Structures are given as C-alpha cells and as structure tokens.
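Here's a quick briefing to read with the model open beside you.

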Amino acid sequence: MNVRACDLLVVGGGPAGAAAAIAARRAAPELETLVLDRQRFPRDKACGDGLGPGVVARLADLEAGGIVRGRRPVERLKIVAPSGAEVVGELPAIGESARGYVVPRSEFDDALLTRAREAGADVWTGSRLQGLDAPGDGPVRVEAGGPDGPVSINARAVIAADGARSDVRRLLGVPYNDSAHTGVAIRAYVERPGGFEHMAFYFKRELLPAYGWIFPIDERGANVGVMIDAARFRRQERNLPDMLEEFLRSSGHASLEPAQSRAYMLPFASHVPPLVHGRVALVGDAGSMINPFSGEGIAYGMAAGIEAATRAVRALRSGTDDRPFEGFDGWFRRRFGEHFRASARAKWLAQRAWIADFGVRAARRRPEFVREGIELLVGEGTALSWRSLARLLVHGRS
Ligand SMILES: Cc1cc2nc3c(=O)[nH]c(=O)nc-3n(C[C@H](O)[C@H](O)[C@H](O)COP(=O)(O)OP(=O)(O)OC[C@H]3O[C@@H](n4cnc5c(N)ncnc54)[C@H](O)[C@@H]3O)c2cc1C
C-alpha cells in the first residue's frame with residue numbers, strides 16, 4: 001500500500017471542506033493540505049441551491065466572490081402563510097452582503113473546489129475514506145482510495161466535512177442525529193419563462209408540518225422542493241414526490257413540471273454533537289450544522305470549515321499538534337447556538353397553521369416581524385425571545 005503524509009487532511013470536498021482547504025492554504029501555504037472526495041466533480045447534491053447572505057460573506061472572506069459574480073442576485077424573500085396571506089422582505093445583511101444567489105450545486109461546489117485546488121491544496125476526487133485510526137497522541141491514520149490505488153495517509157490534523165452520512169463521524173463512534181433532529185427533503189428543477197421574482201417559503205395548510213420552497217435560479221427557472229422533519233415524515237402516508245406535487249398544486253403552480261428530483265437528509269443543528277475528537281474536527285453536515293427552520297446549511301458549514309482550518313494551521317505552525325482544534329467546539333456554539341435555538345422555536349410555531357397565520361398577519365402590520373422572521377430563516381437572527389413573542393401576540397390579533 002502507498003503511504004502519504006500531510007499536515008491537514010480534509011475529508012469531503014463540498015462547501016464546508018472546500019472552504020476549509022482554501023482558508024488553510026491562504027493562512028499557511030507552507031503546510032500541505034490534502035482534500036479527499038469520494039465523488040468525481042462536477043457532482044450533483046440534493047439541495048435547494050439557495051446561497052444566503054452568509055455564503056456570500058464567507059466567499060468574500062475567501063476572496064472567492066467571483067464564483068457568483070454575473071449571476072442574478074436575490075434580494076427579497078417571500079413568506080406565504082397557510083391562509084395564503086404573504087409578506088415580502090429584504091434579505092438580511094451579513095458582513096457586506098445583503099443578497100443571496102441560487103446556483104445549482106453541481107456548479108457551485110465544483111467552482112469552490114477548483115478554488116481550493118488553485119490555492120494549492122492537493123485535491124483527490126473519486127477517492128473514498130474507508131478507515132480511520134485516531135489515537136489522540138499521534139498522527140491520524142486514514143485508509144483511502146488514492147489516485148494510484150489504496151493509500152494510507154498520516155495526517156497531523158483532520159477536518160471531517162464528509163456530509164450528512166459522514167464516515168468519519170461513524171468511525172469515531174459519534175451517533176448520527178436521531179429522527180427528531182433530522183429532516184428529509186426533496187428538490188427538483190422547474191422551467192418557467194420569466195422565472196420567479198423572490199426566494200419563497202410556503203407554509204401551506206395542505207402540506208404542514210412540511211413546507212415548500214421556490215428559489216429562482218435565473219429568468220428561465222427555479223429550484224423547488226419540500227422539507228419535513230424525519231420523525232413526522234415517518235408518521236405520514238405521503239411520499240416525498242407526492243408531497244412535492246401537492247406543494248406545486250396548492251401553491252398555484254400545478255402546471256410546472258418538476259425534473260431531476262432528488263431527495264436526501266438534513267442533520268439539524270437542534271442537536272450538534274461534540275465537534276472535536278482529539279486531532280479530528282467535524283464540520284458542515286458531518287457536524288449537524290443545518291438550520292432546523294429553513295434547512296440552510298452551506299453558510300454554517302463554510303463558516304465552521306474556515307474557523308476549524310484557521311485554528312488547525314495556527315496550532316500546526318506552532319508545533320502544538322496534540323490540540324489542533326482547541327476551542328473550536330465552544331466557538332461554534334457561541335457563534336450560532338442561540339440562532340439555532342431560536343430557529344428551532346420558530347419552526348415549532350410555523351408548523352401550527354393558526355400560529356403561522358397569526359404571525360404573518362402580525363408581520364403585515366409590523367415590518368420588523370418580517371425582518372426578524374427572515375433573519376431566522378436565512379440570516380443569523382436570534383429574535384424569538386419571550387419578549388418578541390409577546391409583541392407578536394399583541395400585533396397579530398385582528
Ligand atoms: C433537499 C435539500 C435542500 C437543501 N437546501 C439548501 C439550501 O437551499 N441552502 C443551503 O444552504 N443548504 C441547503 N441544504 C443543506 C445543504 O445541502 C448542506 O448543508 C450542505 O451540502 C453541507 O455541505 P457539506 O460540505 O457539509 O456536505 P456535502 O455538501 O454533503 O459534501 C460532503 C462531501 O463529502 C464527500 N464524502 C462523503 N463521504 C466520503 C468519504 N468516505 N470519503 C471521501 N469523501 C466523502 C461527498 O462525496 C461530498 O462531496 C439542503 C439539503 C437538502 C437535502
């Protein structure tokens with residue numbers, strides 16, 4: 001078997017892993033960064049393809065904003081209540097950006113991984129991690145398929161960004177989220193001349209406790225889909241393709257023909273497992289970093305990848321190999337914990353038709369509720385305190 005050594009090994013070349021690799025190379029070009037992905041790129045990934053302002057901000061941090069330049073920006077978001085009442089508001093600002101984009105993941109992920117390669121990371125696609133030995137007091141040993149056959153890799157630190165069914169997480173013995181903290185969703189592409197104006201979330205009565213989305217890609221079409229908690233999905237009689245059809249019908253888009261349907265799971269950040277395991281850190285879906293209300297996960301995964309890589313290269317440079325991710329777990333929980341807790345509360349409320357109607361009614365009178373709702377969905381808001389609930393109660397009464 002071939003043997004290879006590297007400073008930082010990133011498992012998974014999706015947005016979390018690619019962002020980590022770019023950040024590592026930018027901070028420490030003298031350290032060797034190797035990225036493994038079991039798939040060959042460009043590759044598809046079941047997703048709404050929605051890149052919120054958080055993604056745009058992280059791309060700016062990585063000087064990779066060119067990936068979305070020239071694409072049609074999305075600046076407003078629509079929320080549709082069970083009754084059909086709607087509110088529209090601006091996307092929140094994160095960093096310099098108050099806009100989002102909708103870019104098919106086959107294109108976005110390929111462009112980001114190409115940036116990692118250009119930054120000097122060694123990128124092996126079609127290369128699957130199969131074994132992991134992380135003793136804690138020495139380098140991590142990984143068995144994988146390499147470009148020239150099976151390879152044993154010795155890494156000083158490992159960032160696991162290998163997605164919702166992370167092999168690294170399983171091999172570390174960290175259980176996957178249970179169904180109460182997991183979602184399932186289906187996406188498809190539709191064509192419509194002129195496209196759609198806003199990103200839209202539909203909390204339709206016919207679909208609750210699931211919700212539907214329409215995210216406009218360009219003037220020709222959109223990504224549409226439906227998301228539901230896994231635990232509640234199991235108790236339903238409908239399958240995901242039927243729910244997507246029901247969504248399009250109940251939202252007045254029955255004539256659209258969904259193509260390229262694809263479903264997958266979403267580990268929600270209502271349960272984030274311990275993220276640091278000696279010299280290994282979990283980021284992105286591997287660390288359950290998905291907003292339980294909106295299903296957004298790319299921005300948090302990229303933020304975590306960048307932070308984990310920055311900490312690791314700092315430690316490796318100073319020779320403190322035994323604690324490359326010290327403080328990373330606490331950082332993540334401080335940075336996003338309250339936001340995820342508020343988003344989980346908002347989801348609970350939105351799944352109840354009368355409360356969702358009540359909230360949208362209040363939001364039609366008070367624009368700050370629209371802003372706060374959108375910040376929970378695609379920003380970093382923490383607004384759902386008892387105080388804001390009390391205000392909502394006062395203003396929602398008709
Ligand atoms: C239907 C659906 C809709 C969604 N909509 C949105 C949305 O609109 N906006 C948003 O922000 N988020 C959305 N999400 C969530 C989003 O897709 C994820 O949060 C995001 O992809 C996480 O990125 P990641 O880099 O952690 O993992 P991934 O993008 O899953 O990448 C993981 C990579 O690891 C590789 N890999 C896996 N195992 C191994 C192995 N053993 N060895 C080597 N490589 C391996 C895979 O091939 C893959 O390329 C949606 C999810 C679903 C399912």
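Let's start with strand S1 (residues 2–11) and strand S10 (residues 149–160), which run parallel and are joined by nine bridges. Strands here are DSSP E runs of at least two residues, helices are H or I runs of at least four, and both are numbered from the N terminus; two strands count as paired if DSSP finds at least two bridges between them. This is a predicted model, where local features need pLDDT of at least 70 and side-chain atom pairs count only at pLDDT 80 or more, while totals for chains, interfaces and linings use all residues. Residues are numbered from 1 along each chain as its sequence is written, and side-chain values use heavy atoms, leaving out hydrogens and water.

**Around S10**
- S9 and S10 make a hairpin with two residues between them, and Gly146 has Gly149 as its bridge partner in S10.
- Strand S17 (residues 280–282) runs parallel to S10, with three bridges joining them; Ala160 is partnered there by Leu282 of S17.

**The seven-stranded sheet**
- Seven strands form an open sheet with mixed pairing, in the order S5-S4-S12-S13-S14-S11-S15.
- Its edges are strand S5 (86–90) and strand S15 (259–267), each of which pairs on one side only.
- From one strand to the next, the twist averages 20° (axes are lines fitted to C-alpha atoms, for helices over the stretch in contact, with angles from 0 to 180 degrees between N-to-C directions).
- Within this sheet, strand S12 (residues 199–202) and strand S13 (residues 211–218) run antiparallel and share three bridges.
- Phe201 sits opposite Trp213 in S13.

**The ligand site**
- There are 38 residues around the ligand, and Asp37, Gly48, Arg105, Asp167 and Asp285 come nearest (near means a heavy atom within 4 Å of the molecule or strand).
- By class, this shell holds 17 nonpolar, ten polar and eleven charged residues (Ala, Val, Leu, Ile, Met, Phe, Trp, Tyr, Cys and Pro count as nonpolar, Asp, Glu, Lys and Arg as charged, and the others, Gly among them, as polar).
- Helix H1 (15–27), strand S2 (33–37), S13 and S15 each supply at least two shell residues, and S15 gives the most, with three.
- The ligand lies between domain 1 (2–72 + 100–177 + 271–337) and domain 2 (179–267), because both give residues to its shell; the bounds come from an automatic or database domain assignment.
- An N or O atom in the side chain of Arg105 is 2.8 Å from an oxygen atom of the ligand.
- For Ile298, a backbone N or O atom lies 3.0 Å from a ligand oxygen atom.
- Taken alone, the ligand exposes 1,000 Å², and the protein buries 97% of that (Shrake-Rupley areas with a 1.4 Å probe).

- Most residues other than glycine have a negative phi, and most peptide bonds are trans.
- Phe41 and Pro42 are joined by a cis peptide bond, with omega about 0°; Pro42 is in the loop between S2 and strand S3 (50–51).
- Leu208 to Pro209 is also a cis peptide bond, with omega near 10°, and Pro209 lies in the loop between S12 and S13.
- Glu63 isn't a glycine, yet has a positive phi of about 50°.

Conventions
A polar contact is a pair of N or O atoms within 3.5 Å; within protein, one must be able to donate a hydrogen and the other to accept it, and residues adjacent in sequence count only if both atoms are side-chain atoms.
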